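Please open the model in a viewer, with both the sequence and the structure at hand. The stops below say what to select next and what is found there.

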Amino acid sequence: MSIKDQKLFRMLAVALLAMSVTMPAAQADDDDRDEKYGEKYSGKYGGENRGKPLQPAQTNARFQQECSSCHIAYAPGLLPAESWRKMMAGLDKHFGSDASLDAGDNKEITAFLVNNASNRWSAPTAPLRISEAAWFKREHSEREINPAVWKNPQVKSPANCAACHTQAERGDFSERNIRIPG
Amino acid sequence: MFHLFRASGLVLVTVAGLAIQPAFAETPGEIQASIRQEAAGTPGFQEFSAARGEVFFRTKHANDWSCASCHTDSPAVPGKHAKTGKAIDPLAPSANAERFTSPKKVAKWFKRNCNDVLDRICTPQEKGDVLAYLLTVKK
């Protein structure tokens, strides 16, 4: 590479870097709708952020009882309202299991989840798996957690929050309550 | 006026009391009776059999699971969910007084678990047979 080529290369690299910094992450394509919402959901985690608080001060007894009979009762703020609507509409095929409820219970729990869903989620996405949310992936990336942790039989699956988050059941995922087994 | 107020208060308390169902709404025998009522109307109904229920309980069905996959071969001891590993309290009423005392819970779990194990809902005959079996399981 000649000096001139090197200079050109460096300029190109700087220009590319500048572009990637100024372009909001969520703007993959440039139709009007995305332009309009781009700024809004390019916030933290590309708009896929969990709510604050994760769990309302006043919980719902039926939610606690029904949603914890097979797994922990995941705090409503972990996902946006649309995720909970979809989840509750498809309980008969819930990650490979029939978790259906009668109509009355379903309605009550859906209302609780939707009313307390993430208040910081601005992206038009609605994943069913909490582990697919951008905030989750970032907080549990290889830089944060040694990949070997996931293979520990005590952890078993990313759905098993309580394996490390000792207060997950209460919607408390604070750093000071994390104990990684092993 | 005062009396009316008190009376309406009493009615309210009574209604609220009725709305909150006691923990054990029914006995397993009563639950079995209502399953029998349902089953009696179906073609080919046979009186419930604990032996048939036990075979059904232990046999692997459409989804390669049996009831025993999670509830174990001896339903008087705690089980463990075959997929999630979640602990399951004993299923036999002799070992767990709460079992088969709420018609709503019974309906909910038969629907869920039959769909998971058999890929379909269970017939009243099958449900009655299984309950007959569970009622014979000693602690």
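**Helix H2 of chain B and its surroundings**

The buried residues of H2(B) pack against helix H5 (103–118) and helix H6 (124–136) of chain B. Helices (H or I, at least four residues) and strands (E, at least two) are DSSP runs, numbered from the N terminus. This is a predicted model, in which local features need pLDDT of at least 70 and side-chain atom pairs count only at pLDDT 80 or more, whereas totals for chains, interfaces and linings use all residues. Residues are numbered from 1 along each chain as its sequence is written, and chains are lettered from A and ligands numbered from 1 in the order in which they are written.

Select residues 28–40 of chain B, which form helix H2. This helix has 13 residues and reaches 18 Å from its first C-alpha to its last, close to the 18 Å expected at 1.5 Å a residue (the expected span is 1.5 Å times one less than the number of residues). Which residues of H2(B) are buried? They are Ile31(B), Gln32(B), Ile35(B) and Ala39(B). Viewed down the axis of H2(B), the buried residues fall within an arc of 100°, so they line one face of the helix; the arc is that of the directions from the helix axis to the C-beta atoms. On the other side of H2(B), Gly29(B), Gln37(B) and Ala40(B) are exposed. A residue is buried if 20 or more other C-beta atoms lie within 10 Å of its own, exposed if 12 or fewer, and partly exposed in between, with C-beta atoms placed from the backbone.

**The nonpolar cores**

Next, select Phe57(B), Val130(B), Leu131(B), Tyr133(B) and Leu134(B), which touch the most other members of the largest nonpolar core, a set of 18 residues. A nonpolar core consists of buried Ala, Val, Leu, Ile, Met, Phe, Trp, Tyr and Cys residues joined through C-beta atoms within 7 Å. H2, helix H3 (50–58), H5 and H6 of chain B each give two or more residues to this core, and the largest share, five residues, comes from H6(B). A second, separate core of 16 residues includes Tyr74(A), Leu79(A), Trp84(A) and Phe112(A).

Centre the view on Leu134(B), in helix H6 of chain B. Leu134(B) counts as buried because it has 26 C-beta neighbours inside 10 Å. Leaving aside neighbours within four places in sequence, Leu134(B) is in contact with Pro75(B), Leu91(B), Ala92(B) and Pro93(B) (contact requires C-beta atoms, placed from the backbone, to lie within 7 Å). Under the same exclusion of neighbours within four places, Leu131(B) is in contact with Pro28(B), Gln32(B), Ile35(B) and Phe100(B).

**Backbone details**

Move to the loop between helix H2 (32–41) and helix H3 (61–67) of chain A, where Pro53(A) is placed. A cis peptide bond joins Lys52(A) and Pro53(A), with omega about 0°. Tyr45(A) is also found in the loop between H2 and H3 of chain A; its phi is near 55°, a positive value in a residue other than glycine. Tyr45(A) counts as buried, with 22 C-beta neighbours inside 10 Å.

In chain B, select Thr72(B), in the loop between helix H4 (68–71) and strand E1 (79–80). Phi of Thr72(B) is near 65°, again a positive value in a residue other than glycine. Thr72(B) is partly exposed, with 16 other C-beta atoms within 10 Å.

**Between the chains**

Finally, display both chains: seven residues of chain A are in contact with seven residues of chain B.

Key:
Contact = placed C-beta atoms within 7 Å.
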